[in-house]
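Below is a short report on one protein model. It starts with a single residue and then moves to the whole chain.

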Amino acid sequence: MSFADSSDAPIYAGLVEEHGDVMAEVRQVAEETMREADQAVDFSDIRRSAAYR
């Protein structure tokens, strides 16, 4: 899904056609990075295992 319809922004549509939807790709990579970062700093498993000691 793009922010601009091709009829609203023909320049944007041309750039997407020429280079791909860079904004969508960046958004996807940012979301993946945020998920990985959340997992990297998730200490809930450590807290649970310490509670069972």
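Where is Thr33 found? Thr33 is found in helix 2, where helices (H or I, at least four residues) and strands (E, at least two) are DSSP runs numbered from the N terminus. The model is a predicted one, in which local features need pLDDT of at least 70, side-chain atom pairs count only at pLDDT 80 or more, and totals for chains, interfaces and linings use all residues. Residues are numbered from 1 along each chain as its sequence is written, and side-chain values use heavy atoms, with hydrogens and water left out.

Thr33 counts as partly exposed because its relative accessibility is 44%; buried means under 20% relative accessible area, exposed over 50%, and partly exposed in between (1.4 Å probe, protein chains only). A polar atom of the Thr33 side chain lies 2.8 Å from the backbone oxygen of Val29.

**The chain**

The protein chain has three helices and zero strands, in the order α-α-α from the N terminus on. Of its 53 residues, 2% count as buried. The accessible surface comes to about 4900 Å², and 58% of it belongs to carbon and sulfur atoms; areas come from the Shrake-Rupley method with a 1.4 Å probe, and for residues only the protein chains shown count as cover.

The pLDDT (the predictor's confidence in each residue, from 0 to 100) averages 82 over the protein chain, and 74% of the residues score at least 70.

| Element | Mean pLDDT |
|---|---|
| helix 3 | 69 (lowest) |
| helix 2 | 95 (highest) |

**Helix 1 and the loop after it**

Helix 1 lies largely in the open, because the number buried among its ten residues is zero. Just after helix 1, Gly20 takes a positive phi of about 85°. Asp21 sits in the loop between helix 1 (10–19) and helix 2. Asp21 is buried yet has no salt bridge, that is, a side-chain nitrogen of Lys or Arg within 4 Å of a carboxyl oxygen of Asp or Glu. The side chains of Asp21 and Tyr12 are joined by a polar contact of 3.1 Å.

Val41 is placed in the loop between helix 2 (22–40) and helix 3 (44–51). Val41 counts as exposed because its relative accessibility is 54%.

Key: Lys, Arg positive; Asp, Glu negative; His and termini not counted. Polar contact = N/O pair within 3.5 Å; in protein donor to acceptor, adjacent residues only side chain to side chain.
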